[in-house]
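Me: Could you look at this one with me and go through how its parts pack together?

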Protein chains: 2
Amino acid sequence: MTAALAELKQRLAEVYDLERALGVLGWDQRTMMPPKGAAARAEASATLAGVAHERFVSDDIGRLLDEVAPLADALDYDSDDASLVRVTRRDWEKERRVPSELTAAWTREAAKAHAAWLEAREANDFGVFLPALRRVHDVALRWAEHMEPGDSPYDAFLDEYEPGMSTAEVKAVFDVLRPELTAIVQEAGEPADHSFLEGEFPRETQQELYEGILRDFGFPEGVVRLDPTVHPFATTFASSDIRLTTRYRPDSLRALWSTMHEAGHGLSYLGIAPELGRSPLYGNASLGLGESQSRTWENLVGRSLAFWRGRFPELQRLFPHLQAVELDDFYRGINRVVATPTRVTADEVTYSLHIILRFELEQELVAGTLALEDLPEAWNARTLEFLGVEVEDDLGGVLQDVHWTRASYGYFPTYALGNVLSVQIWRALEEELGDLDTQLEAGEFGPLYESLRRRIYRHGRKFTPMETLERAIGASEIDPQPYLAYLRSKVAGLQPA
Amino acid sequence: MTAALAELKQRLAEVYDLERALGVLGWDQRTMMPPKGAAARAEASATLAGVAHERFVSDDIGRLLDEVAPLADALDYDSDDASLVRVTRRDWEKERRVPSELTAAWTREAAKAHAAWLEAREANDFGVFLPALRRVHDVALRWAEHMEPGDSPYDAFLDEYEPGMSTAEVKAVFDVLRPELTAIVQEAGEPADHSFLEGEFPRETQQELYEGILRDFGFPEGVVRLDPTVHPFATTFASSDIRLTTRYRPDSLRALWSTMHEAGHGLSYLGIAPELGRSPLYGNASLGLGESQSRTWENLVGRSLAFWRGRFPELQRLFPHLQAVELDDFYRGINRVVATPTRVTADEVTYSLHIILRFELEQELVAGTLALEDLPEAWNARTLEFLGVEVEDDLGGVLQDVHWTRASYGYFPTYALGNVLSVQIWRALEEELGDLDTQLEAGEFGPLYESLRRRIYRHGRKFTPMETLERAIGASEIDPQPYLAYLRSKVAGLQPA
């Protein structure tokens, strides 16, 4: 039985290698590849994905899982080996449920829908996107039929990103959030000035600043890179090889927070226990938990007054025009609250409203209570209702996000769950570490990272997101109240003196 | 039968994809990877190599090769399909001959020998390298026993790099070269001054220069990258995705010629017929033919007086201290001939002597007529005999090259064959294109590239090196005379007025 476990681990390590190789191809494609290499890269990636999938869903893996089941059952639930068998069994059964014909159809229709979406944006006309969206939507619904039936047809989609979490659980959290967030937006009053975020920000200077922040956050020498790309992301091939990306604009400092966001993802990879390397347990428990950590380092650290009390002088030295800006005004500007129809540039308060809007529309699309052709109208009405702003056109509304080109239902809510979880976890950190503000001001991130590593990062994918939360801070459910209290207090502190 | 051919092509395309993915991992490792990522990368690469090998040597491929054999026999020898079947059959039979246990042992012993070689260089003591060298040497000899027996035991090694070429053929060429080259070194007289190659050469300016040269040589927009690395190389994942590397030193211009060298490799990939993409025919016919093209663009173009007549003013503008140098002196300096004990910095005349020395020693090692422990003594004696210079120590002698850490016998001679072939081919180009000097001076490389593409590059790996040479210039053997005549004439032209 021990031999079977060793063989299982060896086979899973090989699948891991193939998947990470695919990750290298993807990273290269988005940061380095000469543009004309795209067609050849698509073929290489498809082959590699096929080989990795084929080896993972093989009968051999199933046989080994059966063989080691008694051993795993006898082990402590939290042990690495029991977790490996449990998580692998779940992944394996899910992947086996989907005919490979369907996976291929989804990939194909998504590629076409992506092209149609680009055309539709060009034409500023949702109608151009609709036929392709309908096809990828239909494939997604066929896919969901193969999944285990949940309480809601949306559960199957959500489970892809938040294993074990139900639509009802998420809805309960969002139902609390929505009216409160709308109220907080109104409390925020006039948006502060943030014009100083535009100006002269030479790329080399930004890079120097960002790499310094990465060092301070706790990345050791020789394990991380930061490269330019169009749509920033973070990825990892091992906790000793982490790739962050950013988008430098020489006339704006906005990449700073997106870099801290990706750094947060990177730290969550850095902290995974070495024993989980080269196995399916290397990763985050869920997208929401992963996002909670990018939001922690982007917002709770990177938009805090304490952090900037310590770091603003360096910023002023690097970018001299900021010497005319007071710290308080800088803080207000980088935290400016204002409702707009756009998700990606939304502030901490309105961001989750954009998400709840999408969550609701997705559920209706999946349930069939909203027809695809009625999506723009529903989008615009909901935006007015949630955010109090008018959508000008499809480009600024229903066509703004790439996610639905893959019919990736269930993905959006993880962003808002991340916001909520980040503050819920932060409260526990404050109880443990005492005066976090003093540490942030001093640029001492060691205790913060160490606590997060011990509570969350080291577990990798061993547990479901809720199991992880329980182990991290003893909570048995997602509580939106700390997040709302944080936003209320922050918004109050943003009012001009 | 057509179905079998289609299936064969599909399977070979997948093997190609896996091998190129491995290439991306290798490129990333040598240019981008954070240093601590090395261990994880070694595992991922080994897995990918194993999967690619396993899928290539499968019985299925053998069955398909058998099935399509009648079809291939009926086709024109030069057709793409006949060539695909012929070359694949050869590759497949060679790879099948080697037990995977032996391949693994070779990889393992080579890694150890590489580490021992680094230690030996540190200690400047061949004795530190000897035990590990002996082990990898023994594995290599065991490997050779599995190969088809040739006239010489060295043939098996040579065939890895120059398919179909015999040791006797190479020896016949080198036997002509050796005394003549020694004579030409003496004719060269006092080495010219080249101190201007050291000085202030800012990296950004070098990069601008090199990228301009790549454009002029004929790389279209969006298919090539140039990145810094420690040991420069060129690689490709498709003719639409070519990666060149160089080693910038801010105090030296030497990277210029190594960049043109890698550019030559890159052009030979760029010119492969699109129909050969994603198949085993994508590549060079042999290392020697590949090297002939890197040498063409590095030396026949990049060290010619005509090229610099056109380009020297730009160089002087970019690096102002060169304004004090006359074109003639620049030309003499970059072509300076001087015998030293070091291969990698050797000039066009002495370079091949370093190779012939290694070729002879390798044959004796393989035949068992030279014992490994006597290698330093033999090396030093041969260096004195061939080049007229004393070797100071092991570091500057027998420990200078990395190749023997893999016991890669047969690799070295391809360098000198490349030198010889480059000039033999160039003579045919001159007959076709007329006054090449005028084109080089004007920076017009289109006709040159186009002729090389048509004669050589487009064939990829369809033919053996000798078959390719026959199709390229109608020659049935490698002729060292044009190369010798070129060197004689060049050396004569280098004498001060």
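Me: Which residue in S3(A) does Val224(A) stand opposite?

Reply: In this predicted model, Val224(A) stands opposite Ile242(A), and the two strands concerned, S1(A) and S3(A) (residues 241–246), pair in the parallel sense over five bridges. Strands here are DSSP runs (E, at least two residues), numbered from the N terminus like the helices (H or I, at least four), and two strands pair if DSSP finds at least two bridges between them.

Me: And what is the strand order of that sheet?

Reply: The sheet is open, with three strands in the order S1-S3-S2 (chain A) and mixed pairing. S1 (224–228) and S2 (234–238) of chain A each have a single partner strand, so they stand at the edges with one side lacking a neighbour in the sheet. Neighbouring strands are turned by 20° against each other on average, direction ignored.

Me: Which helix lies across it?

Reply: Helix H10 (residues 255–270) of chain A lies across S1, S2 and S3 of chain A, at about 165° to S3(A); axes are lines fitted to C-alpha atoms, for helices over the stretch in contact, and angles run from 0 to 180 degrees between N-to-C directions.

Me: Switching to chain B, how do H11 and H16 cross?

Reply: The axes of H11(B) (residues 287–301) and H16(B) (residues 413–433) come within 7 Å and cross at roughly 60°. The crossing is right-handed, that is, the near helix is turned clockwise from the far one by less than a right angle, anticlockwise being left-handed.

Me: What classes of residue make up that contact?

Reply: The contact (heavy atoms within 4.5 Å) divides into nine nonpolar, eight polar and two charged residues, including Leu289(B) and Arg295(B) from H11(B) and Trp426(B) from H16(B). Ala, Val, Leu, Ile, Met, Phe, Trp, Tyr, Cys and Pro count as nonpolar, Asp, Glu, Lys and Arg as charged, and the others, Gly among them, as polar.

Me: Last topic, how many aromatic pairs are there over all chains?

Reply: A search of the whole structure finds 54, where rings of Phe, Tyr and Trp (its six-membered ring) pair if their centres lie within 6.5 Å, with planes under 30 degrees apart stacked, over 60 edge-to-face and the rest tilted. Among them, Phe196(A) and Phe330(A) form a tilted pair, 5.5 Å centre to centre with 35° between the planes.

Conventions
Residues are numbered from 1 along each chain as its sequence is written. Chains are lettered from A and ligands numbered from 1 in the order in which they are written. This is a predicted model: local features need pLDDT of at least 70, side-chain atom pairs count only at pLDDT 80 or more; totals for chains, interfaces and linings use all residues. Side-chain values use heavy atoms; hydrogens and water are left out.
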